[in-house]
Amino acid sequence: METAQPHAGVYIEDVSKSFGPEGARTLVLNHVSLSIKMGEFVSVIGPSGCGKSTLLKTVAGLIEADSGTVKVDGMTVKAATKNKMIGLVPQSPALLPWRTVLDNVRLPMTVNPKANANRNLRDPREILESFGLGAALDKYPGQLSGGMQQRVAIARAFVFDPSVLLMDEPFSALDEMNRDAQRLGLLDFWQSNRKAVMFVTHSVPEAIMLSDRIVVMGAHPGHIAEIIDVPLPRPRTIDVYATDEFRDLEGRVRETLREVMGQKSA
Amino acid sequence: MSTTETSALAVQAATSATGRRFSPLASAKLKQNLRWTSWAPAVITFVIAAALWQITAIANPYVIPTIDQVWMSLIKDADTYWANMLVTSLEVVVGASSGILAGFILAIIMAEFQIMERAIMPLVVVVMVTPIVAIAPALVVAFGFGMTPKFIVTALVVFFPMLVNSLAGLRDVDDRALDVMKTLHASRWEIFRDLRFTGSMPYVFAGLRIALPLAIVGAAVAEFVAAGQQAGLGSLVTIAAAQANLPVTWASIALLCLMGVILISLLALVRERVLWWSDGAAVGR
């Protein structure tokens, strides 16, 4: 854990959460602690039901934890959302089909405008251009491919300069070829806009490719099984896939996942 | 930054942009509509129906009039029909627009404040299961033979489908878009303005599609039971039927039908303008 600036980025301590009616509650998160430094890219991976999405939603302020502490840049989640410090990229692009690409990306600026003061708002055009969407500014989401829509959703999360980015399996609906291009695009952009990123995924290569650390979660109840460092140098390119280090890491993550899954069936 | 990757993204962006066409191009759609396979089946059905009608009418002169008798009546008394149609149209326009507005506004209130739904919905249901034909005479007693009871009956008939559909539409928001709004700490008003209002439109239009033909039913029924003013196509139907004047009865019915067709066509036109972004899969056209 950090010592100098204990609460910069995301700070999760001893968070538990259960769902369901009284008497038949299922524990979804069991004493989970995790912190993500400013400018650090952390992936959360695990079998379904391990609570990785619940954890993300807890940080996003969409779900309230039963116990424990969640802080974003030293503030409570509530204060952080009030100050628009959290950028969310949901599983589906969730763009408004009646708004142009540009107006979709402008949305976070027009919502809760009080929080716009004293921040480095990005030019939506510029950000879309750097995402390779310069020709699509005045198009509507229905005119775009799935990959392009997801990039618009990412641009929408970056545009208001939040300190933390939360991504919930943003590329899971794309085909593998497209996914690779999107990962590299995201990495490219993040390289020059370092935010604390929490990236939920169920793809091992994706987690390795993108992250500084990989959090492997286990299910029943959801807990953190292991945190694996990814010491691959940045900036990373597709060549990373072919390196021995990558393959070693992949083996390690898969091994941990297997152990986690094994516990489940036992 | 690696330039090869960004250019690859740009190329991909360019190709996928041209790969898919958006919002059915008007000319292509028109062309499709002009192809005989799209209009001929309906025309043939109408021709057969008209022929059957005509044969039946000639064989049973005291049951239904022939088409030419109806047509002659329409020509001969065009002024009368026109005047009555205006009366009914006024009832439909005033009644329907107030019913639509009331239904939509109440839906907004119910969608935003659940307690209001719990408070008001049971009453609304009670009113709506009461047969409108039974309410109409009572309204005449209360409001006299003027236009007021007709407006009210028409509005009542329109109100329920509008309320129910709008409410469903306002509730059926993209959960993930809602999540994005919530992490931005969007106010209720902002969520309504940016998400719910436009998002509800496919349902609102589905509601209109049901409500507008009902508005004509409402106006006609109100005229049946409150024929005191003796104006409107509905009144014309009752009076002519009582006198066994078949051409006038059926000419009035035909005009009511024409009004319905006009309303539905107008609605389709507006829908095309407003809902171009919706694929219509969720609630149908």
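## Contacts between two chains, and some local details

Trainee: How many salt bridges does the rule find across the interface of chain B and chain A?

Mentor: Happy to start there, keeping in mind that this is a predicted model. Side chains of opposite charge can pair when their charged atoms come close. A search over all chains finds 18 salt bridges in the whole structure. Across the interface of chain B and chain A, the count is 1.

Trainee: Which residues meet in a salt bridge with 3.2 Å from N to O?

Mentor: The cut-off for nitrogen to carboxyl oxygen is 4 Å. With 3.2 Å from N to O, the pair that meets in this salt bridge is B:Asp194 and A:Arg99.

Trainee: Which helices of chain B each supply at least two residues of the side that touches chain A?

Mentor: That side of chain B divides into 13 nonpolar, 8 polar and 9 charged residues. Its contributors of at least two residues each are helix H1 (3–19), helix H9 (175–183) and helix H10 (188–199).

Trainee: What is the area buried between chain B and chain A?

Mentor: Start with the contacts: 30 residues of chain B are in contact with 41 residues of chain A. Carbon and sulfur atoms give 64% of the buried area. The area itself is about 3,200 Å².

Trainee: Which element gives the most to the nonpolar patch?

Mentor: The patch lies on the surface and is formed by B:Leu101, B:Ile105, B:Ile109, B:Phe113, B:Ile115 and B:Met116, with about 550 Å² of accessible area together. Two elements of chain B give two or more residues to it, helix H5 (78–112) and helix H6 (114–129). B:Ile105, for one, has its place in helix H5 of chain B. With 3 residues, the element that gives the most is H5(B).

Trainee: How are A:Arg106 and A:Asp103 separated in helix H3, and what is that in helical turns?

Mentor: Their side chains meet in a salt bridge, at 3.1 Å from N to O. Because the two residues are 3 apart in helix H3 (residues 101–110) of chain A, the separation is about one helical turn.

Trainee: Where is A:Pro221 found?

Mentor: Most residues other than glycine have a negative phi, and most peptide bonds are trans. A:His220 and A:Pro221 are joined by a cis peptide bond, with omega about -10 degrees. A:Pro221 is found in chain A, in the loop between strand S9 (213–218) and strand S10 (223–229).

Trainee: What is phi of A:Asp14?

Mentor: A:Asp14 is found in strand S1 (residues 10–19) of chain A. Its phi is positive although the residue is not glycine, with a value near 55 degrees.

Conventions:
Residues are numbered from 1 along each chain as its sequence is written. Chains are lettered from A and ligands numbered from 1 in the order in which they are written. This is a predicted model: local features need pLDDT of at least 70, side-chain atom pairs count only at pLDDT 80 or more; totals for chains, interfaces and linings use all residues. Side-chain values use heavy atoms; hydrogens and water are left out. Contact means heavy atoms within 4.5 Å. Buried area is the accessible area (1.4 Å probe) that two parts lose on being put together, summed over both. Helices (H or I, at least four residues) and strands (E, at least two) are DSSP runs, numbered from the N terminus. Ala, Val, Leu, Ile, Met, Phe, Trp, Tyr, Cys and Pro count as nonpolar, Asp, Glu, Lys and Arg as charged, and the others, Gly among them, as polar. Patches are made of residues with over 30% relative accessible area and no salt bridge: like charges are joined within 9 Å, nonpolar side chains (Val, Leu, Ile, Met, Phe, Trp, Tyr) within 5 Å. Accessible areas come from the Shrake-Rupley method with a 1.4 Å probe; for residues, only the protein chains shown count as cover.
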